[in-house]
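Please keep the sequence and the model open while reading this note. The points are meant to be checked one by one against the coordinates.

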Amino acid sequence: MISSISAAWEALHAAPEQTLADLFADAGRVEALSGRIEWDADGGPAGILFDWSKTHLSDELLAGFEALAQACDFAGKREALLSGAKINITEGRAAEHTAQRGVGAEPSVEEAMALHARMRMLVEAIHEGALGEVKHLIHIGIGGSALGPALAVDALAHDLALVDVHVVSNIDGVALEQAFAACDPATTMIAVASKTFTTIETMTNAHSALKWLADNGVSDPSGRVVALTASPEKAVEWGVDETRILPFSESVGGRYSIWSSIGFPVALAVGWDEFEAMLAGARAVDEHFRDTEGRANLPLRAAFADQYYSRLRGCQTRAVFAYDERLSLFPDYLQQLEMESNGKRVTSQGEPVDGPTAAITWGGVGTDAQHAVFQLLHQGTHLVPVDFIASIAPGDALDPAHHNILLTNCFAQGAALMAGGNMATDGKDPARAFPGDRPSATMLCDDLDGANLGALIAFHEHRTFANAVLLGINPFDQFGVELGKKMAKDIEAGGGDFDASTTALLARAGLA
Ligand code: F6P
């Protein structure tokens, strides 16, 4: 018997392919495929416009994907996510990042609020000078314990940091040395950010940072450390005083942890109010995601487009271009969120997935990327769905020409990808021909403040979850990172039985 999921996919495969030009014959298309998520701000409602009209999603496809979502029990899985059920079944855990924003099981929301209050006290005490003069923070973490803080500090603190924050993730000592060179040890604090408090890169960097403080005359280096972790007992063992340990719940996944105490450097750099604004922007998206059904649910609609391009059109990648310098780290952040969550090959039940899972996320910042990789987007042989992200309000105070040119270019690229044409004067030169009919979506923020950034991140979290539901996979584990880690440990311990190439490389580098 054919399952309702297979039947929904079959119907989707049978839907007629329409060009973007065909779809734009419908005068109501832009309105039908656009939507805003809003929240209250000082000057009235603020929010983000999501325009999916330049994708190939037709009425028929949207109805087909709605049927697929129903067959996959999207509503039930969303309820499980938001009520704190143990949906990460391979690890027997809930995934309660939304509780950090106030949406979730009551006890988890209360716990998050209490831990936020504790974090706020420490942030404000540092701002008030209770721990001596603090001008710099070296935030040490990796993966989800670094990418969110790096993105948010870069996006929000750019010219008004209360404390100068350096995020160091790589075990390559060059990264830490660069941070040392920019900081005065006498006025530097160290944040050790690790959910597990065991990650080798983070712990090695943390040891070296303490040594740097000691070598440079700081009498009590441990007294300059704040630990951000879901394993407070390990931080105590490591020598951090309990008053400077900011715990978070085990049910908050690493790549979803910016909302927890892992957000400490953000609050320290931009102040508590801006960190709270991030939580509020994310909460507006949570409420939209929780309360909206079918295609009107914007993260779910984005997942419909993702599945359409990867499964029905064979696109192996998805590109995201932020037309905003402050979001230059956004593609890096998304890579972990999407590829570590959905780069899987078995379903939640352990069966092989019968098609592609996460597309490869890549991207950059506009307009730079236009002068580098857009050639392929316009004329290459790969079809790459593109997301554009921009802010109506500028981030700079220079001549408005800067921001106007930035935005015009962003919108022109989407239009050109869709329209195509021929740049030759006679309109016939194949080298100058643009096939067009290439898809893009646009996310237009009113401004790029804490609330917009929080909303943008939460939108992508829910989009990632929705994709996982449509694929039947568990987005909350990441066993794929373990094998390489184990082999590195084996090498370090002098053991392991390696292939001839690896053995030769180790010998050449003097490591065996
Ligand atoms: O190796 C992958 C990973 O577990 C990520 O999922 C996580 O964000 C990162 O390592 C860091 O882990 P931790 O916060 O425990 O140091």
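1. Basis. The model is a predicted one, in which local features need pLDDT of at least 70 and side-chain atom pairs count only at pLDDT 80 or more, whereas totals for chains, interfaces and linings use all residues. Residues are numbered from 1 along each chain as its sequence is written, and side-chain values use heavy atoms, with hydrogens and water left out.

2. Domains. The protein is divided into domain 1 (35–55 + 313–453), domain 2 (100–274) and domain 3 (482–512), with bounds that come from an automatic or database domain assignment. The centres of domain 2 and domain 3, taken over C-alpha atoms, are separated by 32 Å.

3. Largest pocket. A pocket here is an open set of points on a 1 Å grid over the protein atoms alone, where a 1.4 Å probe fits, with protein on both sides within 12 Å along at least five of seven lines, and lining residues have an atom within 4 Å of a point. The largest pocket has a volume of about 1,000 Å³, the volume being the space filled by probe spheres set on the points. Its lining comprises 41 residues, and Thr196, Thr199, Val481, Glu482 and Lys485 lie nearest the centre. Domain 2 and domain 3 each contribute at least three residues to this lining, and α18 (482–492) gives the most, with 5 residues.

4. Second largest pocket. The volume of the second largest pocket is about 590 Å³, and 28 residues line it, of which Ala468, Val469, Leu471, Gly472 and Ile473 lie nearest its centre. α1 (4–14), α5 (74–82) and α17 (450–471) each supply at least two lining residues, with α17 giving the most, 5 residues.

5. Lining by class. The lining of the largest pocket has 12 nonpolar, 18 polar and 11 charged residues, while that of the second largest pocket has 17 nonpolar, 8 polar and 3 charged.

6. Arg255. This residue is found in the loop between β7 (245–247) and α11 (264–270), and Arg255 is buried, with a relative accessible area of 4% (buried means under 20%, with a 1.4 Å probe and protein chains only). The side chains of Arg255 and Glu340 are joined by a polar contact of 2.9 Å (a pair of N or O atoms within 3.5 Å, one able to donate a hydrogen and the other to accept it). Beyond its neighbours within four places in sequence, Arg255 is in contact (heavy atoms within 4.5 Å) with residues including Gly144, Tyr333, Phe476 and Asp477.

How values were computed
Helices (H or I, at least four residues) and strands (E, at least two) are DSSP runs, numbered from the N terminus. Buried means under 20% relative accessible area, exposed over 50%, partly exposed in between (1.4 Å probe, protein chains only). Ala, Val, Leu, Ile, Met, Phe, Trp, Tyr, Cys and Pro count as nonpolar, Asp, Glu, Lys and Arg as charged, and the others, Gly among them, as polar.
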